[in-house]
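Me: I am new to this structure and would be grateful for a guided introduction. May we proceed by question and answer?

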Amino acid sequence: MTGETELTPRRLRRARIAIAAVFCAHGAVTGSFATRIPWIQEHAQLSAGTLGMALAFPAVGAAIAMPLAGRINHRFGARNALRGLIAMWTLSLILPSLAPDLLSLCLLLLVYGASAGMSDVAMNALGVETENRLGRSIMSSLHGMWSVGALVGSAAGTVAAHAGADARVHHLFAALALTAVALVAVRGVLDLRGGQEEEAPPRFALPPKSALVIGAIGFCAVFAEGASMDWSAVYFRDVLHTDAGLAAASTTMFALTMAAARLAGDKVVDRFGPVRTVRAGGLLATAGGLLVVLVRHPAGALAGFGLIGLGIAVVVPLAFAAAARSGPAPAQALAGVATITYTSGLVAPSAIGAVADATSLVVSFGLVTLLALALVAGATVLRPKLGAGPAPAAGTDAADRPKGTATGNQDEPAAIQP
């Protein structure tokens with residue numbers, strides 16, 4: 001990967017701020033859309049069942065389109081690719097609220113999801129490249145900024161919904177504002193291009209085996225995330241028999257602890273390395289799951305969902321970073337991991353519901369607890385490879401050291417040379 005010749009510390013700091021702003025804008029689109037789903041459902045005259053079917057289409061669109069991101073990135077360069085893809089994503093916010101019926105909503109959500117997936121791969125790939133050149137972890141805080149953007153977008157959407165604003169008008173103005181913010185931010189990201197000797201990635205290709213293994217770790221984390229976000233309030237209402245306010249607080253607790261952990265996670269990763277961090281996170285999430293399942297009291301369950309949020313927060317950012325460094329086709333590997341995590345987010349809510357129907361919600365969260373425990377066993381797949389990514393910090397142990405090194409210390413990554 002080649003690019004700018006003047007990568008001074010000041011330029012790298014500017015690039016980090018810029019890519020963080022892009023992540024924030026990306027998250028704000030999701031938050032803006034989520035708060036107006038009831039309006040979209042009423043406008044398109046959908047039942048709960050048909051709405052649920054329609055809401056599967058963004059994940060389908062993302063899974064189909066993600067492999068294209070590597071090709072676009074190679075052809076146009078990282079900055080130009082991100083500029084076009086992030087603008088496509090922010091402007092796609094306009095589409096769902098225009099749908100008058102189920103068929104049109106499904107088609108528009110397919111496009112919405114495709115633009116989400118491609119821009120997601122492009123910004124994560126550039127985030128990893130920025131991290132490589134800085135020589136320290138930033139992916140966790142970038143995903144934390146995505147969460148901040150989602151909170152800001154949902155807060156603005158809540159105000160618009162409370163005021164009775166037409167979602168078509170709300171989303172039009174939100175899309176234009178977020179597009180402007182994103183395009184300004186993209187001007188500051190690194191301008192990287194594939195070298196002349198690099199072969200163009202295929203338009204469509206199955207993810208490499210390395211991505212499948214890393215993606216399995218991401219799958220466990222995103223499954224726990226989707227289950228907690230969508231079912232924690234229902235768990236409080238149906239299992240613990242609390243009022244609506246306390247039920248909603250469980251979802252808020254999970255979201256806040258997850259966002260806070262992501263914003264602070266880079267220092268932990270730099271200190272202890274990705275393997276030890278994910279192992280510790282898996283233990284925290286497992287403890288949280290046990291509290292939810294075994295302690296039939298609102299205080300215990302509230303603490304449990306908080307611990308799940310803390311424990312899984314940095315797993316997906318680290319999985320994306322590991323994928324991008326796992327082989328000669330980083331964009332392809334990253335797209336593969338992203339596709340697996342998107343699939344997990346799609347499967348989790350319905351799987352939890354199916355298990356709950358067959359048994360109980362308690363058993364469903366027992367499954368979440370087992371997947372959290374799997375993070376402890378599978379964390380080693382996130383071990384940095386020799387010469388890839390930031391040098392491991394002094395506190396890392398053998399589990400985090402690249403194979404073939406005695407101490408875990410590395411020279412500055414080769415990618416730092418533009």
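Me: In which helix is confidence highest?
Reply: Across the chain, the pLDDT averages 84, and 86% of the residues score at least 70. Confidence is lowest in strand β1 (residues 2-3), with a mean of 61. The highest value, 97, belongs to helix α8 (residues 167-186).

Me: Over which residues is the pLDDT below 50?
Reply: Where pLDDT is low, the predicted coordinates should not be read in detail. One such stretch has 21 contacts in the model beyond near neighbours in sequence, and it covers residues 391-399. Another has 41 contacts of that kind, and it covers residues 401-418.

Me: At which residue does α4 bend?
Reply: Helix α4 (residues 57-76) has 20 residues and spans 28 Å from its first C-alpha to its last, close to the 28 Å expected. Its buried residues include G61, A62, A65 and M66. The helix bends by about 35°, with the proline P67 following within four residues of the bend, which is at A65.

Me: Which residue follows α4, and what is its phi?
Reply: Within the helix, A69, G70 and N73 are among the buried residues. After α4 comes G77, whose phi is positive, near 90°.

Me: How far apart in sequence are the parts that Y235 and F305 tie together?
Reply: A search of the whole structure finds 7 aromatic pairs. One of them is formed by Y235 and F305, edge-to-face, at 6.2 Å centre to centre and 80° between the planes. Y235 lies in helix α9 (residues 209-238) and F305 in helix α11 (residues 298-312), so the parts tied together by this pair are separated in sequence by 70 residues.

Me: Are Y235 and F305 buried or exposed?
Reply: A residue counts as buried under 20% relative accessible area. Y235 has a value of 0%, and F305 likewise stands at 0%. Y235 is therefore buried, and F305 is also buried.

Me: Which residues do ring pairs link into a cluster with Y235?
Reply: Y235 and F305 form an edge-to-face pair. Ring pairs link Y235 into a cluster with F236, F305 and F365.

Me: Over the face of which residue does R271 lie?
Reply: R271 is placed at 5.0 Å from a ring centre. The ring whose face it lies over is that of F272.

Methods
Residues are numbered from 1 along each chain as its sequence is written. This is a predicted model: local features need pLDDT of at least 70, side-chain atom pairs count only at pLDDT 80 or more; totals for chains, interfaces and linings use all residues. Side-chain values use heavy atoms; hydrogens and water are left out. Helices (H or I, at least four residues) and strands (E, at least two) are DSSP runs, numbered from the N terminus. The expected span of a helix is 1.5 Å times one less than its number of residues. The bend at a residue is the angle between axes fitted to the seven residues ending there and the seven starting there. Buried means under 20% relative accessible area, exposed over 50%, partly exposed in between (1.4 Å probe, protein chains only). pLDDT is the predictor's confidence in each residue, from 0 to 100. Contact means heavy atoms within 4.5 Å. Rings of Phe, Tyr and Trp (its six-membered ring) pair if their centres lie within 6.5 Å; planes under 30 degrees apart count as stacked, over 60 as edge-to-face and the rest as tilted. A charge sits over a ring if NZ of Lys or CZ of Arg is within 6 Å of the ring centre and within 35 degrees of the ring normal.
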